[in-house]
Amino acid sequence: MRAGALDPYELLGVDRDADDAAIKKAYRSLARQYHPDVNPDPEAQERFKEISHAYEILSDPQKRAAFDRGGDPFSGVGSGGFGAGFSFTDIMDAFFGGQAGGAAGGRGPRPRVRRGQDALIRVEISLAEAAFGVNREIKVDTAVLCETCSGSGAAPGSRPVACETCRGAGEVAHVQRSFLGEIRTLRPCAACRGFGTIIPEPCRDCGGEGRVRSRRSLTVKIPAGVDNGTRVQLSGQGEVGPGGGPAGDLYVELQVARHPVFTRQGNDLHCTVTVPMTAAALGTVLTLPTLEADLVSETSSPDMVTSFDLEVRPGTQSGTDQAIKGYGVPGLRGGRGDVVVTVLVETPTGLDAEQETLLNQLADLRGEQHPSGQLRASSKGFFGRLRDAFDH
Ligand code: ZN
């Protein structure tokens, strides 16, 4: 037995002539430090067993006297093995009459009516819908109030009655004897599951839950300027709580679908347009669709801007970016991003005889029949920029 090897006075850090109050105080403060409920360290657990054992000896006048005489404090009595069986709160309750732990019980019956949980639904929208807002009808599957019993859980005409086992308290006391005296713990009443009441005739539609699952349609107003991952909160549209309790909130998380043309970066929209080599050299004006053009329908406003002009200046190089101000995504706090167009120059292919002749003449005129090529340091081309956009 370890008690012989370890001095209980040393373990608790008290003097030989310490009185009961001092011993109790020392043990309480060590228990706060080492009880497994508050200190998960395995060494702390071992230490807690030792200090509990020490306290078991010093708190009992007979055992303490036996130890002081140099005898075995446990001769004739079994060791209680105190440390293992009781929670930290139980010990604190034993010291403080049920008030110290706080969470030990004594809370009374738990309410049948509780607030429901929040619900989350993911909805996919298009880039144009994210940019300009949309009213979207969604289907949600949540608990709703049981209309049959209006949430009470009792069949119509019946009502909940007080639980006979706990007399409505929702808790029953369990008493265990120990060297500390009686340790009294309150546990939820098994008969009424802690509610204090029993529903003798549960509502047949909800089985006494006061709520039923239902699928319904809702219209969500998605504001302009939202982005991938934005959550729209609909208060009171989540799960109805047990006992018909107030509903939690519904969060609609938006997933923005990939657009075939535009890639969003902040509030800017990036896209790429290809032009023939001749147009890049001579200059031209392209008419390109705006993102709004995706939303055009019979009902849309006639002054919706569905296109913009992009001026490709003579001599435009492949990979040139051009920003068109104000055609991007509206900001949540006003303002609007740009459309950034990268112009790619297309080299003509599949030349017929006449075209080849003309190009040879042009090369001749420009002295480009035998170009040497111009070496320079590597610059980021189109794919480099594309990679940057994805890394973003
Ligand atoms: Zn019901």
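This is a conversation about how to read some features of a predicted model.

Colleague: Let's start with the overview. How many helices and strands does the protein chain have?

Modeller: There are ten helices and 15 strands in the protein chain. Of its 392 residues, 35% are buried. Contacts across the sequence are worth a look too: taking those with a separation of 6 or more, 66% are between residues 24 or more positions apart.

Colleague: I'd like to understand the nonpolar cores. Which residues have the most contacts inside the largest one?

Modeller: The general idea is that nonpolar side chains tend to be buried together in soluble globular proteins. Here, the largest nonpolar core has 38 residues, and I138, L250, V252, L310 and V341 are those with the most contacts inside it. Domain 2 (119-156 + 206-256) and domain 3 (263-372) each give at least three residues to this core. Another core lies apart from it, with 20 residues that include Y9, F48, I51 and L58.

Colleague: What is V341 in contact with, leaving aside its neighbours within four places in sequence?

Modeller: Its contacts are C271, V273, L288, F308, L310, T320, D321, Q322 and I324. One of these, L310, is also among the residues with the most contacts inside the largest core.

Colleague: Now the sheets. In which order do the strands of the open four-stranded sheet come?

Modeller: Read across the sheet, the order is 10-11-15-14, and the pairing is mixed. From one strand to the next, the twist averages 35°.

Colleague: Next, the aromatic residues. How many aromatic pairs are found in the whole structure?

Modeller: Three aromatic pairs turn up in a search of the whole structure. In general, a pair of aromatic rings is described by the distance of the centres and the angle of the planes. Take Y9 and F67: this pair is tilted, at 6.1 Å centre to centre and with 50° between the planes. Y9 is in helix 1 (residues 8-12) and F67 in helix 4 (residues 61-68), 58 residues apart, so the pair links distant parts of the chain. Y9 counts as buried at 3% relative accessibility, and F67 counts as buried at 16%.

Colleague: What about Y27 and Y55: what angle lies between their planes?

Modeller: The angle is 10°, with 4.4 Å centre to centre, and the pair is stacked. Y27 sits in helix 2 (residues 20-34) and Y55 in helix 3 (residues 42-58), so the pair ties together parts 28 residues apart in sequence. Y27 is buried, with a relative accessible area of 0%, and Y55 counts as buried at 6% relative accessibility.

Colleague: One last residue. Is F195 buried or exposed?

Modeller: F195 has a relative accessible area of 10%, so it is buried, and that residue is found in the loop between strand 5 (181-188) and strand 6 (197-198). To see what lies around F195, leave aside its neighbours within four places in sequence: its contacts are then P109, R110, P111 and R112. P109 and F195 are 86 residues apart in sequence, and 5.0 Å apart in space, C-alpha to C-alpha.

Conventions:
Residues are numbered from 1 along each chain as its sequence is written. This is a predicted model: local features need pLDDT of at least 70, side-chain atom pairs count only at pLDDT 80 or more; totals for chains, interfaces and linings use all residues. Side-chain values use heavy atoms; hydrogens and water are left out. A nonpolar core is a set of buried Ala, Val, Leu, Ile, Met, Phe, Trp, Tyr and Cys residues joined through side-chain atoms within 4.5 Å. Buried means under 20% relative accessible area, exposed over 50%, partly exposed in between (1.4 Å probe, protein chains only). Domain bounds come from an automatic or database domain assignment. Contact means heavy atoms within 4.5 Å. Two strands pair if DSSP finds at least two bridges between them. Helices (H or I, at least four residues) and strands (E, at least two) are DSSP runs, numbered from the N terminus. Axes are lines fitted to C-alpha atoms, for helices over the stretch in contact, and angles run from 0 to 180 degrees between N-to-C directions. Rings of Phe, Tyr and Trp (its six-membered ring) pair if their centres lie within 6.5 Å; planes under 30 degrees apart count as stacked, over 60 as edge-to-face and the rest as tilted.
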